[in-house]
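User: I am new to this structure and would like to learn how to read it. Please take me through its features step by step.
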Amino acid sequence: MDEVLVKQLEIAAVKIRMGIIEGVHSAKAGHPGGSLSSADLLAYLYMHRLNVDPSDPKSPTRDRLVLSKGHAAPALYATLALRGFFPMDEMKTLRKIDSRLQGHPDSKKIPGVDFSTGSLGQGISGACGMALSGKISCDSYKVYALLGDGEIEEGIVWEAAMFASHYMLDNLVAIVDNNNLQIDGKVSEVMSPYPIDEKFKAFGWHVINIDGHDFNQMEKAFDEAEKVVQKPTVIIMKTTKGKGVDYMEDSVDWHGKAPGDEDYERAMKQLREHLAELEGSVN
Amino acid sequence: MDKKATREGYGDGLVALAEIRPDLVVLDADLAAATKTSIFKKAYPEKHFECGIAEQNMMGIAAGIASTGKLVFASSFAMFATGRAYEIVRNSIGYPGLNVKIGGTHGGISVGEDGATHQCNEDIALMRTIPGMTVINPADYIEAKAAVLAMAEHVGPAYLRFGRLAIPVYNSPDYKFEVGKGITLKDGKDVTIIATGLMVAEAIEAGKALAEQGINARVINIHTIKPIDRELIVKAARETGKIITVEEHSVIGGLGSAVGDVVLEEYPVPVVKIGIQDVFGHSGAAKDLLVEFGLTAENIVHTAKALVSR
């Protein structure tokens with residue numbers, strides 16, 4: 001991958017992280033941990049990979065992304081804002097009574113949200129339906145679904161996994177954000193979904209393991225997924241929960257808690273410094 | 001009178017619907033032979049998709065397909081379509097208001113021998129609680145087929161209930177279905193019998209029997225339980241002063257509750273609810289179960305006489 005592009009994506013990801021922190025701080029609620037762990041992947045998809053057009057968010061030929069881990073809504077919203085679907089300033093209205101930025105993604109209200117999610121496990125089923133529909137009418141769009149590692153404890157995920165391979169949905173790519181933490185603790189301790197890769201393999205999926213904060217690995221993985229035929233692909237990405245804000249990293253406390261004013265300033269200072277550093281190295 | 005199950009109307013209706021809606025997709029969860037989507041599968045194998053025994057996922061699949069603009073029907077027994085998959089129907093179909101039609105067959109006690117686990121007397125109640133969900137319970141084969149065809153023009157989530165049991169076909173072939181419009185089958189001034197589904201044929205019989213005994217009962221078929229025909233119900237309350245509701249469903253949350261809500265809000269009159277009285281069913285032949293649970297013309301007559309003389 002081109003170094004300039006990598007740098008651009010790094011910059012986009014930091015901006016998304018700033019949007020996340022802005023949003024959850026303003027809302028005094030929300031899920032920063034799993035939003036921050038997904039930020040790099042969403043930056044990569046929306047700023048580089050997906051065929052989407054903010055001026056035509058309902059285009060029938062667009063690629064679809066289903067945020068199956070709907071609680072990472074702040075990450076999706078900040079990404080959509082950065083991509084031009086709505087102003088980044090709107091992040092300050094997150095979860096507010098008169099805002100369209102609902103606590104979990106609402107496809108009716110928010111431009112760029114392809115499927116309403118929030119109740120875990122339901123998004124991947126919807127993504128399978130979109131992919132099947134594409135096959136029925138020979139459309140060329142691709143469908144992406146981002147799942148949490150705790151989320152895959154839901155049984156419906158495996159019903160969908162069976163369905164996707166049964167119907168050979170090679171236009172579908174699932175991504176598992178494997179940050180290893182869920183509300184009650186480590187996923188391995190709450191209800192282990194491991195080995196995640198072997199499980200998907202057994203369900204007939206093409207499986208790729210990557211580092212979810214490495215854009216070069218993402219590029220390779222999604223290129224590989226594109227070449228897979230007659231099988232859905234799952235990309236299991238190892239990530240750090242809370243990535244990019246040091247005191248939130250790998251901490252279950254920040255799964256569903258908003259930073260107060262002091263923590264907000266600390267987080268924003270780190271992110272601003274990181275951004276300045278990245279932008280400085282570009283210029 | 002000819003007898004035919006409303007689920008046959010579902011299967012035949014889907015075939016007819018595909019002619020006017022080429023984008024139609026039909027899903028089933030390993031019950032195609034029973035739900036009668038097998039009829040559609042035979043005619044349009046490329047538009048019928050088996051989802052296996054996974055009703056929750058089927059509802060999510062339906063939502064995903066609908067999100068791309070196609071018309072989709074998801075089929076299973078009423079119990080599993082509305083019970084097992086309730087939360088997916090609420091959050092993935094109802095909340096985004098997607099154009100998914102749910103075909104729930106084997107509704108009610110007349111499932112018979114399979115027993116209580118399969119006799120769904122709660123589906124109408126469950127589906128009624130979802131904002132924006134249309135709830136339809138056809139009374140005979142012709143109405144069932146017409147209701148499915150009417151979905152070509154209906155946008156948004158809908159639940160259609162069909163039965164297992166062969167029941168009288170009383171409508172004529174030129175019958176036109178109108179979503180949300182109740183049908184007055186017999187006029188009357190002493191009492192109104194409001195029925196839905198397979199109880200409509202019983203209500204017609206009861207109306208005749210009552211007439212012979214000097215009681216002039218109005219008989220109404222409410223095939224659309226949501227949105228319900230408020231105007232027709234209020235008119236009946238005003239003109240007859242007494243209402244009996246009859247449904248093969250729990251008296252909690254079904255037709256009786258819906259009618260009761262309207263009457264209570266607009267023109268309070270006594271409402272007596274015939275239905276499953278907050279109990280589970282059990283195995284047995286459908287006709288015997290219908291008698292045991294009071295879902296007969298005889299019980300309607302008995303109830304009407306008691307209400308009129310009270």
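User: Which residues have the most contacts inside the largest nonpolar core, and how many residues does that core have?

Analyst: A word first: this is a predicted model. The largest nonpolar core has 191 residues. Those with the most contacts inside it are A:Cys128, B:Leu27, B:Ala62 and B:Ile193. At least three residues of this core come from each of domain 1 (3-168) and domain 2 (183-308) of chain B.

User: Which residues is B:Ile193 in contact with, leaving aside its neighbours within four places in sequence?

Analyst: For B:Ile193 the list includes B:Ala203, B:Ala206, B:Gly207, B:Ala217 and B:Arg218. B:Val219, B:Ile244, B:Val246, B:Ile300 and B:Ala304 are in contact with B:Ile193 as well.

User: How do I read the overall build of a chain, starting with chain A? How many helices and strands does chain A have?

Analyst: Begin with the elements, then turn to the dimensions. Chain A has nine helices and seven strands. Its radius of gyration is 18 Å, close to the 19 Å that the globule rule gives for 283 residues, so chain A is as compact as a globular protein of that length. Along the principal axes, the C-alpha trace of chain A spans about 50 × 45 × 40 Å. Of the 283 residues in chain A, 53% are buried. Among contacts in chain A with a separation of 6 or more, 75% are between residues 24 or more positions apart.

User: And what are the corresponding values for chain B?

Analyst: Chain B has 13 helices and 14 strands. A compact globule with 310 residues would have a radius of gyration near 19 Å, and the 18 Å of chain B agrees with that. The C-alpha atoms of chain B fill a box of roughly 60 × 40 × 35 Å along the principal axes. Buried residues make up 62% of the 310 residues of chain B. Of the contacts in chain B between residues at least 6 apart in sequence, 80% join residues at least 24 apart.

User: What does the domain assignment of chain B give?

Analyst: The assignment gives domain 1 (3-168) and domain 2 (183-308). The C-alpha centres of domain 1 and domain 2 of chain B lie 25 Å apart. The contact takes 28 residues from domain 1 of chain B and 30 residues from domain 2 of chain B. On the side of domain 1 that touches domain 2, helix H7 (123-128), strand S6 (134-136), helix H8 (141-150) and strand S8 (167-168) of chain B each supply at least two residues. That side of domain 1 divides into 13 nonpolar, nine polar and six charged residues.

User: How do I read the contact between the two chains? How many residues of chain A are in contact with chain B?

Analyst: The size of an interface is often given as the accessible area lost when the parts come together. Here the description is by residues: 22 residues of chain A are in contact with 24 residues of chain B. On the chain A side, helix H4 (122-136) and helix H5 (155-166) are the elements that give two or more residues. The largest share, ten residues, comes from H4 of chain A. The chain A side divides into eleven nonpolar, eight polar and three charged residues.

User: Why does A:Ala225 count as buried?

Analyst: The test is to count neighbours: a residue is buried if 20 or more other C-beta atoms lie within 10 Å of its own. A:Ala225 counts as buried because it has 22 C-beta neighbours inside 10 Å. A:Ala225 is in helix H8 (residues 215-227) of chain A. Leaving aside neighbours within four places in sequence, A:Ala225 is in contact with A:Val173, A:Ile208, A:Thr233 and A:Ile235. A:Ile235 is ten residues from A:Ala225 along the chain, and their C-alpha atoms are separated by 8.5 Å.

User: What should I look for in the backbone angles?

Analyst: A cis peptide bond joins A:Tyr194 and A:Pro195, with omega about -5°. A:Pro195 is in the loop between helix H6 (187-191) and helix H7 (196-202) of chain A. In chain B, the peptide bond from B:Lys226 to B:Pro227 is cis, with omega near -5°. As for phi, A:Arg95 is not a glycine, yet its phi is positive, about 65°. A:Arg95 is partly exposed, with 19 other C-beta atoms within 10 Å.

Terms used. Residues are numbered from 1 along each chain as its sequence is written. Chains are lettered from A and ligands numbered from 1 in the order in which they are written. This is a predicted model: local features need pLDDT of at least 70, side-chain atom pairs count only at pLDDT 80 or more; totals for chains, interfaces and linings use all residues. Domain bounds come from an automatic or database domain assignment. Two residues are in contact if their C-beta atoms, placed from the backbone, lie within 7 Å. Helices (H or I, at least four residues) and strands (E, at least two) are DSSP runs, numbered from the N terminus. Ala, Val, Leu, Ile, Met, Phe, Trp, Tyr, Cys and Pro count as nonpolar, Asp, Glu, Lys and Arg as charged, and the others, Gly among them, as polar. The radius of gyration is taken over C-alpha atoms; the globule rule is 2.2 Å times the number of residues to the power 0.38. A residue is buried if 20 or more other C-beta atoms lie within 10 Å of its own, exposed if 12 or fewer, and partly exposed in between; C-beta atoms are placed from the backbone. A nonpolar core is a set of buried Ala, Val, Leu, Ile, Met, Phe, Trp, Tyr and Cys residues joined through C-beta atoms within 7 Å.
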